[in-house]
Amino acid sequence: MNAWERLFWLWEVLFGITFVATTALILIGDDATVDKTIAILCLVGVGVAYLVRGRGLIKGPDYEDTPWLFVGILMLLLTAATFATTTSSFILFFACPVLYMTLPTKTASILTTIAVLLGPLSSIVRGGLDQPALRILVPMTAILIIFSLLAGRYTTQIIEQSKARAALIEQLKASQAEVSRLSREAGTAAERERMAREIHDTLAQGFTSIVTLTQAIESEMDTDPKAARRHLELAARTARENLAEARAMVAAQGPSALAADSLEEALRRQVERLTEEAGIEASIEVDGPLPALPMATEVVVLRGAQEALSNIRKHSRATEVSLRLSVVDGRVRLGVTDDGAGFDPAAPTGGFGLAGMRTRAEQVGGIVTLKSEPGAGTKLELEVPA
């Protein structure tokens, strides 16, 4: 609701006061009873026309067609009342603003001027041009016309500004609603992408390990029961770790591997698991003690290592893998090197892992570089702020 609508009750008060005051002045005047009766009936007609139509025009939306029927009735009643008794012209304090609030400014100015001139014309018709009162009435009428035009234009500008502000507020509300909707959609998309990365880097890789171990168990049950039992233990451990990761994701916590152990210990377990499950000779080297790192940084490094080792196990056919964790110039650097088949980094892969790794790194101000050639192994380097 704009300011004009909130303060409309003041206009209603003005209408009531003007109507009552004009009626009282007519009743105490010296005009004939018949003239007074005609004037009061005309004023009642003005009030009825306003309540039935004018009030709705002022408060309602803008209309394309000028409300000539209402304006015509209003002007006719004003003319009749003023010619019945000049005192009726006091109703112009109400009628002139109504004209400006229901008509274009130019049209309202013309009709307001005509309405103000009704008083002097009525006096001339009644008493002729030789009346001494005309010497005062004519300049007062000129002043009243000027005042009415200025006041009317000011009133019109106030109403237009109020409506413009109301329209602007509605546009702002609509814009805020649209921004809120887009923010929710962006937040939902970001959360969906985050969950996709988490599932890919944890549960999907764990299930892949379990499937691989199960296949190995099937082939070893009759020929190598000892190896089958060892692989069965690894599958059970992987399942328990996957369950812990799932619970951590549901609780919106960090990786379960970092819940009780340091980043270095979590990386060592990843290297040991690669050797146990895939038979690839893997090692890790940590250059000196690591500084205290934010959880977000540790998660990026751990997930990067998990993704790199998972790709090596699934695609590289490597026999040796080495990890190196170091701090250089205030940045943590993780290097993963293998002697596998390699690949062309420029060729599209269609996978989610490397893209997810780069996205994680960018979120904490880090970068991922990859060097590989077919037949020459692969070297991946992840660098994030310490």
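Close-up 1. Glutamate 383 counts as buried because its relative accessibility is 13%, where buried means under 20% relative accessible area, exposed over 50%, and partly exposed in between (1.4 Å probe, protein chains only). The view comes from a predicted model, in which local features need pLDDT of at least 70 and side-chain atom pairs count only at pLDDT 80 or more, while totals for chains, interfaces and linings use all residues. Residues are numbered from 1 along each chain as its sequence is written, and side-chain values use heavy atoms, with hydrogens and water left out. The side chain of glutamate 383 meets that of arginine 331 in a salt bridge of 2.7 Å, N to O, the term standing for a side-chain nitrogen of Lys or Arg within 4 Å of a carboxyl oxygen of Asp or Glu. Glutamate 383 lies in strand 5 (residues 378-385) and arginine 331 in strand 3 (residues 331-338), so the pair ties together parts that are 52 residues apart in sequence. Helices (H or I, at least four residues) and strands (E, at least two) are DSSP runs, numbered from the N terminus. Arginine 331, with a relative accessible area of 23%, is partly exposed.

Close-up 2. Through salt bridges that share partners, Arg331, Arg333, Glu381 and Glu383 are joined into one network. A relative accessible area of 26% makes arginine 333 partly exposed.

**Close-up 3. A salt bridge within helix 9.** The structure holds 6 salt bridges, and one of them joins the side chains of glutamate 264 and arginine 268 at 3.0 Å, N to O. Both residues belong to helix 9 (residues 263-278), where they are 4 residues apart, about one turn of the helix. Glutamate 264 is partly exposed at 27% relative accessibility, and arginine 268 is partly exposed at 31%.

**Close-up 4. A nonpolar surface patch.** Leu25, Leu27, Ile28, Phe90 and Phe93 together form a nonpolar patch on the surface with about 510 Å² of accessible area, as given by the Shrake-Rupley method with a 1.4 Å probe, only the protein chains shown counting as cover for residues. Patches are made of residues with over 30% relative accessible area and no salt bridge, like charges being joined within 9 Å and nonpolar side chains (Val, Leu, Ile, Met, Phe, Trp, Tyr) within 5 Å. Leucine 27 lies in helix 2 (residues 8-27).
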